[in-house]
Amino acid sequence: MNRSILIKGASLGCVAVILGALGAHALKNMLTPDQLASFEIGVKYQMYHAILLVALAFYIKKEPSKYISSTINLMFFGVILFSGSIYLLTLKNILAIEFLKFAGPITPIGGILLVIGWFLLILEGFKKN
């Protein structure tokens, strides 16, 4: 098991649970249904990728790979950009910080990093031993 990858994945998972609870309880009456749905998408994507990182922490110990190492970095930073920008965009009105709208173009960049990470994982599957 790779401890640093496990910590990254577990940290993302922990924060996803906290933000999911925040969205389900505290933000439920503060956000529009569309905003709440966007917030929940950020939480779901964060949790999916947290679980993947935890699994990869165990996999990489047995099968070290450049593809897997790159996937891990792309997934971690992709989640930060993708989910993080969704959180900022959703909460900008509540936080009354107008400059947070800059986060809009960051969402697709994070999404692209996630897609590339998944593609590298596909390549890992096709790699010959």
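The following is a set of questions and answers on how terms are applied to this structure.

Author: This is a predicted model, in which local features need pLDDT of at least 70, side-chain atom pairs count only at pLDDT 80 or more, and totals for chains, interfaces and linings use all residues. Residues are numbered from 1 along each chain as its sequence is written, and side-chain values use heavy atoms, with hydrogens and water left out.

Reader: What makes up the protein, in helices and strands?

Author: The protein has 4 helices and 0 strands, in the order α-α-α-α along the sequence. Helices (H or I, at least four residues) and strands (E, at least two) are DSSP runs, numbered from the N terminus. The C-alpha atoms fill a box of roughly 50 × 25 × 20 Å along the principal axes.

Reader: Why is Glu-124 called buried?

Author: Buried means under 20% relative accessible area, exposed over 50%, and partly exposed in between (1.4 Å probe, protein chains only). Glu-124 has 9%, so the residue counts as buried. Glu-124 belongs to helix α4 (residues 106–126). Of the 129 residues of the protein, 36% count as buried.

Reader: What makes the pairing of Glu-124 with Ser-65 a polar contact?

Author: A polar contact is a pair of N or O atoms within 3.5 Å; within protein, one must be able to donate a hydrogen and the other to accept it, and residues adjacent in sequence count only if both atoms are side-chain atoms. The side chains of Glu-124 and Ser-65 make such a contact at 2.5 Å. The side chain of Glu-124 also makes a polar contact with the side chain of Tyr-59, at 3.2 Å. At the start of α3, a side-chain oxygen of Ser-65 comes within 3.1 Å of the backbone nitrogen of Tyr-67.

Reader: How do you know that the reach of α3 is close to the expected one?

Author: The expected span of a helix is 1.5 Å times one less than its number of residues. With 30 residues, α3 reaches 41 Å from its first C-alpha to its last, close to the 44 Å expected.

Reader: Where does α3 bend, and how is the bend defined?

Author: α3 bends by about 30° at Leu-89. The bend at a residue is the angle between axes fitted to the seven residues ending there and the seven starting there. Just after α3, Ala-96 takes a positive phi of about 55°.

Reader: What makes Met-30, Ile-94 and Leu-95 a patch?

Author: Patches are made of residues with over 30% relative accessible area and no salt bridge: like charges are joined within 9 Å, nonpolar side chains (Val, Leu, Ile, Met, Phe, Trp, Tyr) within 5 Å. Ile-94, in helix α3 (residues 66–95), has 33%, so Ile-94 is partly exposed. Together, Met-30, Ile-94 and Leu-95 form a nonpolar surface patch with about 260 Å² of accessible area. Accessible areas come from the Shrake-Rupley method with a 1.4 Å probe; for residues, only the protein chains shown count as cover.

How values were computed:
A salt bridge is a side-chain nitrogen of Lys or Arg within 4 Å of a carboxyl oxygen of Asp or Glu.
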